[in-house]
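Student: Please take me through the labels used for this model, and show what each one rests on.

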Amino acid sequence: MSAGLVVLLVGLGSYVVRLLPALAGARITPRVERALAAAGTAALTALVAGDVAMADSAGATVAAAAAVGTGIVVAHRGGSMIRVLLAGVPVYVLVLAVAG
Amino acid sequence: MHVLKLFGVAALVPLAIAYTPFALVVGTALAAHDGGIVGWAGSWLVYGGSAQLAALRLVDTSGAVVAILTGLLVNARMAVYTASLGRRWRTQPRWFRLLAASLVIDATWALANDRPVGTPRDERRFFLTVGLGLGAVWCTAIGIGAAFGGRLDLAAMDVIAPLCLVTLVAPHLRKRAGRATVVVAAVVAIIAVPRLPAGTGLLVAAAAGCLAGELAGRDGREAS
């Protein structure tokens, strides 16, 4: 299946996810609300950690881990996405040059 | 100035500026995976960079099913947002709810939810301006990223998408349940992703993170 079709299917599914509660005016219990919120956070975290673990080489893994660690610190302190990129990308390039 | 506030333009401009770099990254990822015009059109419906980026990063390595499931997991929180806005939109016409549901993301929900309840017409005008305006900027920037981002061949491209996602995850570390979710999902992913068949490690890690967050949140509520 092509990437474009995958994006389209994610889009259609996302629309249904959004639409049903809006039409029904449904009440979501606090427990379901927490689970839905946690699902996104857990999936994104697993994706980032999996990317780091599956980097092309040991050097790339170290560089990606260093960049992601730097990004976490900056974002945790309230830094915007641009600041996270400005801090993380140079760390990645530097560590990759040394360790790669 | 009052008119700009009423129509949501004042709220739209800073959001559009903030979201554009992320959209360029998503567009670059779309081009790298040959997403084409279908993928770009799907961006209107996904209307969530993290879900789209997650699906695109997984489609080659883990297959379409895992990519779609992960994208939907990431966007699952939108159900919470539209449920809360659905109560606010009870008196709105059906056409509006059908259209507005597709425009609900973290930012548009926060803006609409924080706003004092106005007349139905004002609510519609505000939400459609912000949602459609941001959607237009978002998809235009994805198109620009797809057109030109593919020509970049930088070593750092591999880490740009994870760093964008880190920005979305890190704020959850401030709460106990969020910390448990993130730490457990990360540890399980590092162990499971290289060892389990394509994509399943990621889903296992996401499930473990969810469970840890629920348990930590329950402990926290019981303690307080």
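Predicted model: local features only at pLDDT ≥ 70, side-chain atom pairs only at ≥ 80, totals over all residues.

Student: Why is Met1(A) called exposed?

Tutor: Its relative accessibility is 60%. The cut-off for exposed is over 50%, so Met1(A) counts as exposed. Met1(A) lies in the segment before H1 of chain A.

Student: What makes the nonpolar surface patch?

Tutor: Met1(A), Leu5(A), Leu9(A), Leu12(A), Ile37(B) and Val38(B) make up the patch, about 550 Å² of surface. Two elements each give two or more residues to it: helix H1 (3-24) of chain A and helix H3 (36-46) of chain B. H1(A) gives the most, with three residues.

Student: Why is the pair Asp51(A) and Arg57(B) called a salt bridge?

Tutor: The closest N and O atoms of Asp51(A) and Arg57(B) are 2.6 Å apart. The rule asks for a side-chain nitrogen of Lys or Arg within 4 Å of a carboxyl oxygen of Asp or Glu, so the pair qualifies. Across the interface of chain A and chain B, the rule finds one salt bridge.

Student: How much area do chain A and chain B bury between them?

Tutor: They bury about 6,100 Å², with 77% of it on carbon and sulfur atoms. The contact takes 67 residues from chain A and 79 residues from chain B, where contact means heavy atoms within 4.5 Å.

Student: How do you know where the domains of chain A lie?

Tutor: The domain assignment gives domain 1 (1-42) and domain 2 (55-100). Taken over C-alpha atoms, the centres of these two domains of chain A are separated by 30 Å.

Technical notes:
Residues numbered from 1 in each chain as written. Chains lettered and ligands numbered in written order. Heavy atoms only, no water. Domains from an automatic or database assignment. Patch = residues over 30% accessible without salt bridge, like charges linked within 9 Å, V, L, I, M, F, W, Y side chains within 5 Å. Areas by Shrake-Rupley, 256 points an atom, 1.4 Å probe, with all protein chains shown as cover. Helix = DSSP H or I, 4+ residues; strand = E, 2+ residues; numbered from the N terminus. Buried < 20%, exposed > 50% of the residue type's maximum accessible area, 1.4 Å probe, protein only. Buried area = accessible area lost by both parts, 1.4 Å probe.
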